[in-house]
Every structure is written in structure tokens, then in C-alpha cells.
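User: I would like to go through the labels used for this structure. Please set each value against its definition.

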Amino acid sequence: MFGFITPNFNTLNEKEKSRYTSIYCGLCHSIRDNYNNISRLALTYDLTFLVMLLSSIYEPTEHNEPCNCIFHPGKKYTVSRNVYSDYCADLTVLLAYHKIKDDMHDDNTLRAKIGETALRSQYKKVKNKHPELCKFTEDQMAKIRKLEKDESPDNGDMIAKEFGLILSYMFSVNNDIFSENLAKFGGNLGRFIYFMDAAIDLEKDEQNYNPFKTMNPPTKEDLMILAGNATKYYELLPIVKDSHILDNILYEGMWITYNQKMDKLS
């Protein structure tokens with residue numbers, strides 16, 4: 001994902017900040033234990049959200065323990081982990097690897113080559129755990145690259161939908177009564193994220209594909225409609241635990257980067 005699915009920490013209380021941090025640190029530890037320390041550099045707020053979402057719905061057994069952080073020495077944290085921390089550790093490596101592969105297709109920089117080499121063996125571990133998900137993601141990314149070569153005005157929405165299908169697959173982790181709404185939530189959230197990212201990056205995408213080079217960028221009202229298409233399925237899910245934090249992320253936090261960008265342009 002793209003780093004938009006983050007809390008608005010200014011409107012969380014201290015207990016909520018501590019709870020969110022414990023899930024974030026738990027994901028970081030799961031990445032370390034299942035992969036390696038280099039892979040921890042791919043840790044994102046986006047997948048912390050997914051850990052918290054799936055944990056709220058399925059209420060798995062959670063393990064809490066104090067720890068010291070290698071990246072923040074001298075500070076003690078509570079680490080909260082469960083089965084979805086491990087699942088989202090897999091997704092962290094999967095998405096990071098495909099982001100690097102996408103960068104290689106765009107400009108093939110030395111940095112991208114080094115990153116691909118560093119993550120290649122870790123991605124193989126993900127493929128061993130989730131062969132169907134990895135195959136689906138690879139196929140979707142190939143479709144997206146093919147569509148990006150044809151800069152017709154209609155392709156932006158097609159690419160957004162193809163990207164959304166990746167998240168749809170990832171969100172519907174269990175085949176149960178919640179799968180359909182999780183899949184629709186993930187798919188629509190992915191479509192929103194794609195357009196939000198493209199709108200923010202339009203100026204710097206001089207050499208790379210951006211759908212808004214050939215079509216008008218969305219207004220905030222347009223993006224709010226896309227966000228609403230996602231959150232209507234979120235609101236159908238049985239969210240109880242951590243609901244205020246999850247609401248904060250979806251209704252406040254994921255607009256922070258966009259609002260900052262618009263303020264600079266105004």
C-alpha cells in the first residue's frame with residue numbers, strides 16, 4: 001500500500017496511542033521473526049491497520065510482552081501479537097517486493113536493484129506460504145504494467161480496479177460470513193488509495209505513468225465518494241475492539257497527507 005492508512009495521532013488519547021503502537025511493534029516483531037531485520041524496513045502503518053481490523057473481527061488469542069526496540073533504543077514498548085500479525089508480516093514482504101519490482105520496471109535504478117536482491121529470498125518464503133496469493137498478485141501487477149503502457153483516459157480506472165482486487169484478496173483472509181464485505185471493503189479501499197496516490201504524486205511523476213496526465217485529477221469530493229464506497233462495507237463488519245482507533249484511521253488519518261498537499265498548493 002502507499003502509507004495513507006495512518007491514524008490522526010492528534011485526536012487519539014494516550015491509551016489509544018499506546019494500543020496502536022503495541023500492534024505496530026507486534027507487526028515489526030513478526031516481520032523479524034518470520035523474515036529478517038532488513039525486511040523490517042518495509043513496515044507500514046497500512047498493514048498495522050489490517051492487523052487491527054482482522055483482530056477486531058476474529059478476536060484471536062493475543063500475546064503481550066514488554067520489549068526494547070532496536071530502532072528506538074532506551075525506550076520500552078508493549079508488543080501485541082497474534083496470528084494476523086504473522087499474516088500481515090507476509091503481506092509486508094509481498095507488497096514491498098512488488099513495489100521494488102514496479103520501481104525496476106519504471107526506471108531500473110541501482111537502489112531498486114539492490115532492494116530486489118535483498119528481498120528476493122524473503123519473497124520466496126512468502127510464496128511457499130501463500131502460493132495462490134502470490135500468483136494472483138504477480139498476474140495483477142503484470143496486467144497493471146500492460147495497462148500503464150497505453151495512456152488512454154479510461155485506463156486509470158481500470159488500473160485502480162486491478163490494484164483493488166489485490167487488496168480484496170488480501171482482506172478476505174478466511175472463507176466465512178465476513179469474507180464478502182471484507183473483500184468489497186479491501187477492493188474499494190485499494191481503488192481509493194490508487195487515485196489518492198496518483199493525485200498527490202502528479203507533479204513528481206514526470207517520467208512515470210500517472211492517470212491524471214490524460215484526465216482531470218479528482219477533487220476532494222470525488223475522493224470522498226471513493227472513500228465512502230469503501231467505508232460502507234467497513235460499517236457492515238462487526239467492529240467492536242479498537243473501533244475508535246480504526247474509525248480514526250479511516251475518517252481522519254488517511255486524509256492527512258492529501259490535506260497537507262492541498263494546503264501547499266493553495
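User: Why is F185 called buried?

Analyst: Buried means under 20% relative accessible area, exposed over 50%, and partly exposed in between, with a 1.4 Å probe and protein chains only. F185 has a relative accessible area of 0%, so F185 is buried. The model is predicted: local features need pLDDT of at least 70, side-chain atom pairs count only at pLDDT 80 or more, and totals for chains, interfaces and linings use all residues. Residues are numbered from 1 along each chain as its sequence is written, and side-chain values use heavy atoms, with hydrogens and water left out.

User: What makes F178 partly exposed?

Analyst: The relative accessibility of F178 is 22%, so F178 counts as partly exposed.

User: Why is the pair of F185 and Y234 called tilted?

Analyst: Rings of Phe, Tyr and Trp (its six-membered ring) pair if their centres lie within 6.5 Å; planes under 30 degrees apart count as stacked, over 60 as edge-to-face and the rest as tilted. The ring centres of F185 and Y234 are 5.6 Å apart and the planes stand at 40°, so the pair is tilted. The pair links distant parts of the chain, with F185 in helix α7 and Y234 in helix α8, 49 residues apart. Helices are DSSP runs (H or I, at least four residues), as are strands (E, at least two), numbered from the N terminus. Y234 counts as buried because its relative accessibility is 4%. F185 and Y234 also belong to one aromatic cluster with F49, F171 and Y251.

User: How do you know whether D242 is buried or exposed?

Analyst: The relative accessibility of D242 is 14%, so D242 counts as buried. D242 lies in the loop between α8 (220–234) and α9 (243–251), and has a positive phi of about 60° although it is not a glycine.

User: How many aromatic pairs does the structure hold, and why is the pair of Y58 and F178 called edge-to-face?

Analyst: There are 16 aromatic pairs in the structure. The rings of Y58 and F178 have centres 5.8 Å apart and planes at 70°, so this pair is edge-to-face. Y58 is in helix α2 and F178 in the loop between α6 and α7, 120 residues apart, and the pair links distant parts of the chain.
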